[in-house]
Amino acid sequence: MISKAIYEDCTRRNINLSIAWIDYQKSFDSVSHSWVEKSIELVGVNSKIVRFLKLSMEKWNIWLVLKTKQKVMQSQAIQIRRGIFQGDSLSPLLFCIALTPLTNELNRAHFGHQVHGTERKISHLFYMDDLKLLCRNENDLKNEVKIVQTISKNINMNFGLEKCARICLKRDSVQSKMLVGGTFDNDIKELDPRKTYKYLGIEESFDIQHKNEKETLKKKYLRSLRLVLGTELSAKNKIQAIGPLAVPVLRYSF
């Protein structure tokens, strides 16, 4: 909704907008334990909880198990020295706390889209490791990317450049390629205006591609619907199954 409002505001007021979508390589596997510990201290978590988490991380281990017809072989304990667990109930919270300094620094930089009629600027949208930068021009975008790169490097998180993209809109028209800077082995690629970037499950370019998105969702929904209707469930159970198995495909987009 925030993206949609910004796109429509820029179109209506005929102002510039530069966007970059940032992708991290193996984000959950990359964040260091020492930084997790430091970041939870920075946000003021109780010292006893900090110590508990530190001791817990020191005991994070995995075992490799190989089962054959004759026997079961198991490796010695392998300590997890870096990264947090996907699927663990606590890890997403630790991950968000670890990236809090990045979002704070982006806010302090005062770049971003100026909200019409207010002094507030929206510089980025951030959900877990899905980061989207919003700026009024190419130079501001370049500076924002530098901030993200510097902090990410300090906490041992790297960009997946092949999955990053950027697009610059000037007076309602897409501009040519911009080099983001010499600090990258490669620059962030320009998004083809005829293509889209999937951010949080929604297809975007310089606006949200509603028509394309509806067609994609329609196909996914009908596929789920056919799978339910193709089962040997009773008619009553099929109707009940459609709600939790097919409808959620559409619900998020609503």
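## Cysteines

In this predicted model, C135 counts as buried, because its relative accessibility is 0%, and C164 is likewise buried, with a relative accessible area of 0%. The structure holds zero disulfides. The sulfur of C135 has its closest cysteine sulfur in C168, but the distance is 9.0 Å, which is too far for a bond. For C164 the closest cysteine sulfur is again in C168, at 14 Å, and so this pair too is too far apart for a bond, given that a disulfide requires two cysteine sulfur atoms within 2.5 Å.

## Salt bridges within and between helices

Side chains of opposite charge can pair when their charged atoms come close. The count of salt bridges in this model comes to seven, and one of them joins E8 to K4, whose closest N and O atoms are 2.8 Å apart. E8 is partly exposed at 41% relative accessibility, and K4 is partly exposed at 33%.

A salt bridge also forms between K54 and E37, with 4.0 Å between the closest N and O atoms. This pair links distant parts of the chain, since K54 belongs to helix α4 (residues 47-58) and E37 to helix α3 (residues 33-42), 17 residues apart. K54 is partly exposed, at 36% relative accessibility, whereas E37 is buried, at 19%.

R136 and D140 form a salt bridge in which the closest N and O atoms are 3.0 Å apart. Here R136 is partly exposed, with a relative accessible area of 47%, while D140 is buried, with 7%.

Key. Residues numbered from 1 in each chain as written. Predicted model: local features only at pLDDT ≥ 70, side-chain atom pairs only at ≥ 80, totals over all residues. Heavy atoms only, no water. Buried < 20%, exposed > 50% of the residue type's maximum accessible area, 1.4 Å probe, protein only. Salt bridge = Lys/Arg side-chain N within 4 Å of Asp/Glu carboxyl O. Helix = DSSP H or I, 4+ residues; strand = E, 2+ residues; numbered from the N terminus.
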